[in-house]
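Here is a short report on one protein model. Keep the structure open beside the text and find each residue as it comes up.

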Amino acid sequence: FERLQSALSQEGLPPTLDCSAEPRTGFGPLDMTVCILGSPTAFLPVLLEGGTRCPGAMVLCLSPTWASRVPSESRPGAWSLLLSQGVSFKAGGHSALESFVPPRRANYVTGTFAPGEPEGGWVGELARDLDCPTGGSAPLAHRLEDPLVTRWVLAARANLPVPPTLAFVLGARGDLPAELQVPGVRLVRLQDPQGQDSLVQEEVGAFLGGTAMEPYSQVVVRPAGWRWRGTGTRSTHRKEEGAAVAQAVGARLRGLTEEDSVLLEAMVPTARLPVPPPRSPAPRLPVALRICTLVCRSWGDRPQLCQVACAVGRAESPVRHGAALPQGLDSSLQQWGVVAPSQRQALATRLREATEAAMAALLAAEAELSPQQRGGTRAHTDILGVDFLLACVDDALELVALATNSQRCLESCALAEAMGRAVGEPPGDLPRLLAEAMLHRAQCHLVEGKDVLLIGAGGVSKSFVWEAARDYGLRIHLVESDPEHFAAGLVQTFLPYDSREHRRDEEHAERVLELVRSRGLRPHACLSYWDDCSHGDVERAAGAVPFPAVAKLEFGAGGVGVRLVEDAEQCHAHAARLWRDLRDDADHPGIGLGWGNAMLLMEYVPGTEHDVDLVVFDGRLVGAWVSDNGPTRVPAFLETAACLPSCLPADRQAQLVRAALQCCRACGLRDGVFNVELKLGPAGPRLLEINPRMGGFYLRDWIREVYGPDLLLAAVLVALGVPPVLPARPAPRAHLAGVMCL
């Protein structure tokens with residue numbers, strides 16, 4: 001608690017208020033709790049950011065006496081973590097020590113699992129086998145801190161270069177494969193470390209004389225494993241000193257345990273590039289560059305690089321975390337002689353790709369572990385650090401992966417962030433990305449087991465809903481007009497009821513309520529992601545609409561019956577065709593004919609067509625995505641192509657988003673996920689229509705692929721009365737374009 005007060009003071013923030021004498025009450029199943037266990041130092045920026053985004057949701061637990069474990073009601077064999085006390089964070093950097101009666105249930109848990117931390121023991125025990133998502137565990141931290149395990153994964157699964165390594169282990173070592181066939185890493189299994197001198201000398205000699213060691217002149221001998229984290233126990237030798245190297249390996253083997261290894265590895269020097277002549281005649285000492293990266297498991301379980309920090313030290317010994325103040329990647333590369341901005345940018349891109357590939361490989365290896373090996377069914381690594389060297393391999397710059405860690409890169413990157421703020425640098429993305437990832441996982445847990453009343457099943461294009469509902473753990477109770485609908489067997493409860501005659505919707509609502517009550521259902525939320533009444537809320541033409549104009553059904557969907565008409569004669573002809581062919585819902589199910597087949601004549605609006613998908617909570621914009629539509633096939637109005645993200649400049653996208661939001665508010669649409677179609681002309685946006693539900697066709701899948709968030713989850717959260725956590729500054733991870741086959 002004193003460390004927290006010191007850290008807050010250094011940030012210029014007010015001290016924590018002690019409100020524990022008056023317990024807080026009323027926390028229910030829809031209240032979100034992200035619990036950080038252990039030391040406040042590394043996670044303080046994340047706690048402060050989370051307190052701003054979701055005031056009161058981030059809770060710091062500083063003592064094992066503040067929390068308890070009870071058997072889970074939802075998952076047999078698992079435990080729920082209940083908080084009776086904690087430090088909660090609110091907007092503006094305010095924090096309060098609070099007590100909770102009854103205790104508050106955690107929706108997401110992480111903490112300082114790193115071996116050697118003073119809190120490591122009780123943090124790991126409290127977080128073991130929980131029923132909520134857990135960002136890490138003691139066993140997973142032990143794996144990350146073992147360089148032999150991680151080098152095997154990085155080399156074999158991520159195809160990353162690692163320092164040539166000869167490893168000696170005792171016995172089977174179940175956390176390693178029987179045959180370690182990876183480039184650069186050789187594994188020697190010893191049944192007994194004693195009396196193996198000849199084998200050790202033979203292996204050491206073969207390694208030192210092998211082709212992998214040809215570019216290197218020095219080697220390091222050290223014990224490895226999570227117990228040796230940060231000890232710095234090592235010896236350095238020239239490659240020619242074979243006898244001394246074998247002796248050093250033998251000395252380390254005498255204390256070997258089954259969880260440890262002894263590593264003999266090449267000391268990879270930092271690449272030496274031509275640099276400008278020195279300004280002074282003083283000699284330049286050879287130095288080494290260590291690149292520290294922090295990566296998190298972001299939206300859609302995708303790895304995302306959060307921040308990079310570099311450290312420089314003397315070349316004759318490895319640069320250790322905390323031994324030097326961090327500096328930026330770009331300035332470090334410039335210092336090293338990478339002069340061209342394009343080359344520095346290319347290296348930064350390669351670093352991002354390598355870091356994210358490293359996390360993807362480690363997560364894939366984790367997924368193959370048993371729940372016991374992971375520390376629980378819901379335990380996954382959500383944050384990790386990867387250290388690289390910038391080496392020269394075959395006359396080309398190469399990023400060599402050194403090791404991973406569970407916390408040290410977080411501390412280094414948080415320090416770099418604080419140093420930047422102190423000299424007026426704009427805030428970085430690190431706290432925001434980590435807070436968003438944690439809050440998102442907590443919200444995913446929040447919706448598990450919730451009962452959702454769904455009105456309308458939609459067609460085959462909405463099939464993703466049933467798989468998504470299963471993945472999110474939702475219990476769907478479906479009201480559907482078609483008693484033979486394919487979704488009847490995919491939901492918890494199927495309630496067939498014909499509601500297609502929409503002029504009687506108030507009556508339908510009462511009848512549906514009776515159905516729900518008769519089944520004893522108590523849904524937590526009600527929503528629809530499909531509607532056959534796509535209401536374009538535009539004023540009806542009153543004879544003053546100039547030609548050419550657009551004739552369309554007043555209530556319609558999918559572009560059916562929409563046509564460009566050049567004059568009154570074409571307008572009459574089109575109306576006659578509509579009223580002959582499209583009379584009621586049976587003529588074209590699902591486009592809104594249950595509302596009638598009245599025709600609307602509207603002004604033809606020039607410009608480019610765009611979709612804006614909005615998430616609105618209590619009238620406040622929570623998220624928005626703009627996509628572009630290709631030109632329509634005049635005289636019909638079906639788009640021919642689509643593109644995401646939009647190619648428009650940021651200010652024109654902002655115009656579209658603001659116009660869409662104002663139109664929704666004007667129609668009373670204050671809560672939900674909405675799709676608004678607009679045209680953007682020289683004079684700004686013009687409304688075409690509002691779909692008062694999630695966008696159809698490809699939009700949900702595309703937004704998820706390009707940006708990460710799921711519109712379906714957002715719609716469920718809004719219906720539950722919970723404001724969804726979405727990226728504050730969404731950045732596209734890909735660009736998608738599609739052509740419609742009409």
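## A buried arginine in a loop

Start with Arg-693, which sits in the loop between strand S30 (684–691) and H17. The model is a predicted one. Is Arg-693 buried or exposed? Its relative accessibility is 11%, so Arg-693 counts as buried. The cut-off for buried is under 20% relative accessible area.

Now look for Leu-527. In sequence, 166 residues separate Leu-527 from Arg-693. In space, their C-alpha atoms are 8.7 Å apart.

## Helix H17 and what follows

Helix H17 covers residues 699–707. Which of its residues are buried? They are Leu-699, Arg-700, Trp-702, Ile-703, Val-706 and Tyr-707. Look down the axis of H17: these buried residues fall within an arc of 165°, so they line one face of the helix.

After H17 comes Gly-708. The phi of Gly-708 is positive, near 110°.

## The whole protein

The protein has 742 residues, and 54% of them are buried. Its secondary structure comes to 18 helices and 31 strands. Along the principal axes, the C-alpha trace spans about 100 × 60 × 50 Å.

Next, take contacts between residues at least 6 apart in sequence. Of these, 67% join residues at least 24 apart. The protein exposes about 33,100 Å². Carbon and sulfur atoms supply 53% of that area. As for charge, there are 70 positive and 85 negative side chains. The centres of the two sets lie 3 Å apart.

Helix H2 runs over residues 44–53. Its buried residues are Leu-44, Val-46, Leu-47, Leu-48, Gly-50 and Gly-51.

What do the buried residues of H2 pack against? Two helices are on the list: H1 (2–10) and H12 (430–447). The strands are S2 (34–37), S3 (58–61) and S5 (79–89).

Ser-99 is in strand S6 (residues 95–105). With a relative accessible area of 11%, Ser-99 is buried. A polar atom of the Ser-99 side chain lies 2.8 Å from the backbone oxygen of Ser-20. Leaving aside neighbours within four places in sequence, Ser-99 is in contact with Ser-20, Glu-22, Pro-23, Arg-24, Ser-84 and Gln-85.

Strand S6 also holds Pro-102. The peptide bond joining Val-101 and Pro-102 is cis, with omega about -5°. Most peptide bonds are trans.

## The loop between S28 and H16

Here is another cis bond. It runs from Leu-644 to Pro-645, and omega is near 0°. Pro-645 lies in the loop between S28 and H16.

Ser-646 is in the loop between strand S28 (641–644) and helix H16 (650–666). Its relative accessibility is 10%, so Ser-646 counts as buried. Which side chain does the side chain of Ser-646 join in a polar contact? The partner is Asp-628, at 2.7 Å. Setting aside neighbours within four places in sequence, Ser-646 is in contact with Val-626, Asp-628 and Gln-653.

Ala-311 belongs to strand S15 (residues 303–314). At 13% relative accessibility, Ala-311 counts as buried. Not counting residues up to four places away in sequence, Ala-311 touches Ala-288, Leu-289, Arg-290, Val-319 and Ala-324.

Compare the position of Ala-418. Along the chain, Ala-311 and Ala-418 are 107 residues apart. Their C-alpha atoms are separated by 16 Å.

## Two aspartates with positive phi

Most residues other than glycine have a negative phi. Asp-129 is not a glycine, yet its phi is positive, about 55°. Find Asp-129 in the loop between helix H3 (120–126) and strand S8 (134–135). At 23% relative accessibility, Asp-129 counts as partly exposed.

Asp-301 also has a positive phi, about 60°, although it is not a glycine. Asp-301 is in the loop between strand S14 (287–297) and S15. How accessible is Asp-301, and what does it count as? The relative accessible area of Asp-301 is 44%, so Asp-301 is partly exposed.

Methods. Residues numbered from 1 in each chain as written. Predicted model: local features only at pLDDT ≥ 70, side-chain atom pairs only at ≥ 80, totals over all residues. Heavy atoms only, no water. Buried < 20%, exposed > 50% of the residue type's maximum accessible area, 1.4 Å probe, protein only. Helix = DSSP H or I, 4+ residues; strand = E, 2+ residues; numbered from the N terminus. Arc of directions from axis to C-beta. Contact = heavy atoms within 4.5 Å. Areas by Shrake-Rupley, 256 points an atom, 1.4 Å probe, with all protein chains shown as cover. Lys, Arg positive; Asp, Glu negative; His and termini not counted. Charge placed at Lys NZ, Arg CZ, Asp CG, Glu CD. Polar contact = N/O pair within 3.5 Å; in protein donor to acceptor, adjacent residues only side chain to side chain.
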